[in-house]
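Hi everyone, thanks for coming.

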Amino acid sequence: MLKNKKALITGGSRGIGRAIALEMAREGADIAVIYAGNEKAAKEVCQQAQELGVKAYCYQCDVSSEDEVIKTLPLIIKDLGGLDIIVNNAGIVRDALIPMMKEEDFLSVIQTNLVGAYHIIRHTSRHFVKQRSGRMINISSVVGISGNAGQANYAAAKAGLIGLTKSCAKEFASRGITCNAIAPGFIKTEMTDAVGEDKMQAVLCAIPLKRAGEPDDVANMAVFLASEKANYITGAVFAVDGGMSI
Ligand code: NDP
């Protein structure tokens, strides 16, 4: 579905981003993986992608830093020989109830999860506008729609990503560029490993399909949105949550 396409996945070293990177590679895309610090994991993803017969490169780049993004993106476009798809997936959590939430924890989550996506979009948009095509996919969250106690920073960033997605969809549609968001529910990754057994049972009770999602459940949606099958879809938010948000 993605033969000869060039895809950048931020946070592609682990969890959902890793699954998206490998699924896109399986579909024939050459991939660039951005990671924060986990070089070993990023290299493993690239090696697995190369074994699937595509080109794969990894780059350490803190997406919250505009300078780092500005330095890294031209390397990616040069190495891949172009760029067709960006997936803004890099994310962190710093959970606390609001009275206990330090401003630095509020701001760092906004800076990585929301401003990081803006950096990538801003500095790839000129390339996409020039080639009159491009796919932007932002990984939001169900909590960006519903909110969540203890995650005000994270929910605010994820809600912001939805506004960013819809604005980009309107701004870039006339240039043949689409921008969509995916709102995963509870997906089994290192990010959710920290949830204790009690809370886990409560979360599973709230999921009609009665199971946590797998990273591949999200990756399948990302591949679809990146493919030509999604040509007429933009500005949409797709829940991949086992019915959690119904
Ligand atoms: P993980 O914690 O498993 O992985 C996070 C990834 O983001 C890693 O690859 C990490 O790189 C990278 N990353 C973190 N900060 C930065 C940064 N500043 N610059 C570049 N890369 C960075 O998370 P998940 O796979 O669980 O989540 C992926 C996305 O999906 C996130 O945006 C998350 O908010 C969202 N999501 C997750 C849900 C879930 O249930 N898991 C539910 C809803 C949304 P490194 O390996 O180098 O540390």
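Before the tour, a word on how the elements are named: helices (H or I, at least four residues) and strands (E, at least two) are DSSP runs, numbered from the N terminus. Please keep in mind that this is a predicted model, where local features need pLDDT of at least 70, side-chain atom pairs count only at pLDDT 80 or more, and totals for chains, interfaces and linings use all residues. Residues are numbered from 1 along each chain as its sequence is written, and side-chain values use heavy atoms, with hydrogens and water left out.

Let's begin with the cavity. By that I mean a set of points, on a 1 Å grid over the protein atoms alone, where a 1.4 Å probe fits but cannot get out; lining residues have an atom within 4 Å of a point. Grid points are joined across faces, edges and corners, and a volume is the space filled by probe spheres set on the points.

How many cavities of 30 Å³ or more does a search of the whole structure find? The search finds one. The largest cavity holds about 70 Å³ of space. Its lining is made of 13 residues, and Asn88, Asn89, Ala90, Asn113 and Ala117 lie nearest the centre. Two or more lining residues come from each of α4 (103–131) and α6 (152–172), and α4 gives the most, with five residues. By type, the lining of the largest cavity has six nonpolar residues, six polar and one charged. Here Ala, Val, Leu, Ile, Met, Phe, Trp, Tyr, Cys and Pro count as nonpolar, Asp, Glu, Lys and Arg as charged, and the others, Gly among them, as polar.

Now to the pockets. A pocket is an open set of grid points with protein on both sides within 12 Å along at least five of seven lines. The largest pocket contains about 1,300 Å³ of space. It is lined by 50 residues, and closest to its centre are Val93, Tyr154, Thr189, Met191 and Thr192. Its lining divides into 23 nonpolar, 21 polar and six charged residues.

The second largest pocket has a volume of about 160 Å³. Among the residues lining it are Arg14, Arg18, Lys188 and Asp216. Which element gives the largest share of that lining? That is α1, with five residues.

Next, the ligand. A ligand oxygen is 2.5 Å from an N or O atom in the side chain of Thr189. A nitrogen atom of the ligand lies 3.0 Å from a backbone N or O atom of Val63.

Last stop: Ser140, in the loop between β5 (134–139) and α5 (143–146). Is Ser140 buried or exposed? Ser140 counts as buried because its relative accessibility is 2%. The side chain of Ser140 reaches the backbone oxygen of Lys158 at 2.9 Å.

Note on methods
Buried < 20%, exposed > 50% of the residue type's maximum accessible area, 1.4 Å probe, protein only. Polar contact = N/O pair within 3.5 Å; in protein donor to acceptor, adjacent residues only side chain to side chain.
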